Amino acid sequence: ESGEYEPVGSDKTMKSECRLIAATNRDLKQMVKDGQFREDLFYRLNVINVVVAPLRNRPEDIGLLVTHFLNLFNACHQLQINPDAVGVLAAYEWPGNIRQLKNIIERLIFEYSPGTVTGNEVREILQPSEQGGEPVGGPIDVSMLPETGNRLTTALRLFETGYLSDLHSKHNGNITAMARALKIDRGNLSRKLKALNIV
């Protein structure tokens with residue numbers, strides 16, 4: 001509070017101009033109410049509160065994080081990750097947050113480099129038991145998509161297929177629950193799933 005302190009075993013007062021950053025995955029307000037965290041310490045720490053949403057609530061960040069980890073670990077390897085694989089990663093719940101994603105990317109590099117990783121290979125790494133089983137619509141057949149033409153359209157379709165296939169599996173084929181989770185119209189979602197041969 002005062003910016004001053006005395007080292008242990010010394011009677012000399014020292015000055016400090018530091019800022020303390022503390023992080024937790026606990027609800028400190030609730031812990032204070034429950035008597036599990038000191039109230040005075042909470043109010044001393046809680047000057048600026050920055051809430052970082054868990055990775056499962058930020059699927060739009062998956063692509064950026066995958067690129068970052070590939071650049072970080074992929075220096076001596078040559079691994080590519082297909083858009084359908086990124087879609088599968090974006091649909092996953094990530095109980096271990098970014099640390100778990102980082103470990104998955106490292107494992108993919110170890111197991112599939114050099115080469116290209118597809119959504120089906122990502123599913124094998126994540127293990128069906130963790131995802132609630134194989135997608136109801138079956139695995140993605142990447143060979144059905146065109147190799148030529150508009151590559152952006154192809155990449156977007158691959159991503160959509162991987163993402164929606166895994167969401168379809170997670171919601172046990174319940175399109176209404178999927179539409180609610182995605183915050184989109186059920187009819188539009190149903191048409192999209194049929195167009196991608198997921199249902």
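**Figure 1. The side chain of Ser 113 and the backbone of Gln 78 in the predicted model.** A polar atom of the Ser 113 side chain lies 3.1 Å from the backbone nitrogen of Gln 78. Ser 113 sits in the loop that runs between H5 and strand S4 (115-117). The relative accessibility of Ser 113 is 18%, so this residue counts as buried, the cut-off being under 20%.

Figure 2. A polar atom of its side chain is 2.9 Å from the backbone nitrogen of Gly 96. Leu 55 is 45 residues away from Gln 100 along the chain, and the C-alpha atoms of the two are separated by 9.9 Å.

**Figure 3. The largest nonpolar core, with 36 residues.** The residues with the most contacts inside this core are Ile 62, Ile 81, Leu 89, Trp 94, Leu 101, Ile 105 and Leu 108. At least two core residues come from each of the following elements: helices H3 (62-73), H4 (83-91), H5 (97-112), H6 (119-126), H8 (151-170), H9 (175-182) and H10 (186-195), and strand S3 (79-81).

**Figure 4. Contacts of Leu 101.** Leaving aside residues up to four places away in sequence, Leu 101 touches Leu 55, Ile 62, Leu 65, Val 66, Phe 69, Leu 89 and Trp 94. Among these partners, Ile 62, Leu 89 and Trp 94 are, like Leu 101 itself, listed with the residues that have the most contacts inside the largest nonpolar core.

**Figure 5. Helix H4 and its buried residues.** H4 is largely enclosed by the rest of the structure, because eight of its nine residues are buried. The buried residues are Asp 84, Ala 85, Val 86, Gly 87, Val 88, Leu 89, Ala 90 and Ala 91.

**Figure 6. The largest pocket and its lining.** The space in this pocket comes to about 1500 Å³. Its lining has 40 residues, and those closest to the pocket centre are Ile 21, Ala 22, Ala 23, Leu 45 and Ile 48. Strand S1 (4-5), helix H1 (28-33), helix H2 (39-45) and H5 each supply at least two lining residues. H2 gives the most, with four residues. By class, 20 of the lining residues are nonpolar, nine are polar and eleven are charged.

Methods: Residues numbered from 1 in each chain as written. Predicted model: local features only at pLDDT ≥ 70, side-chain atom pairs only at ≥ 80, totals over all residues. Heavy atoms only, no water. Core = buried A, V, L, I, M, F, W, Y, C linked by side-chain atoms within 4.5 Å. Buried < 20%, exposed > 50% of the residue type's maximum accessible area, 1.4 Å probe, protein only. Contact = heavy atoms within 4.5 Å. Polar contact = N/O pair within 3.5 Å; in protein donor to acceptor, adjacent residues only side chain to side chain. 1 Å grid on protein atoms, 1.4 Å probe; cavity = no way out; pocket = protein on both sides within 12 Å on 5 of 7 lines; lining within 4 Å. Points joined across faces, edges and corners; volume = space filled by probe spheres on them. Nonpolar A, V, L, I, M, F, W, Y, C, P; charged D, E, K, R; others polar.
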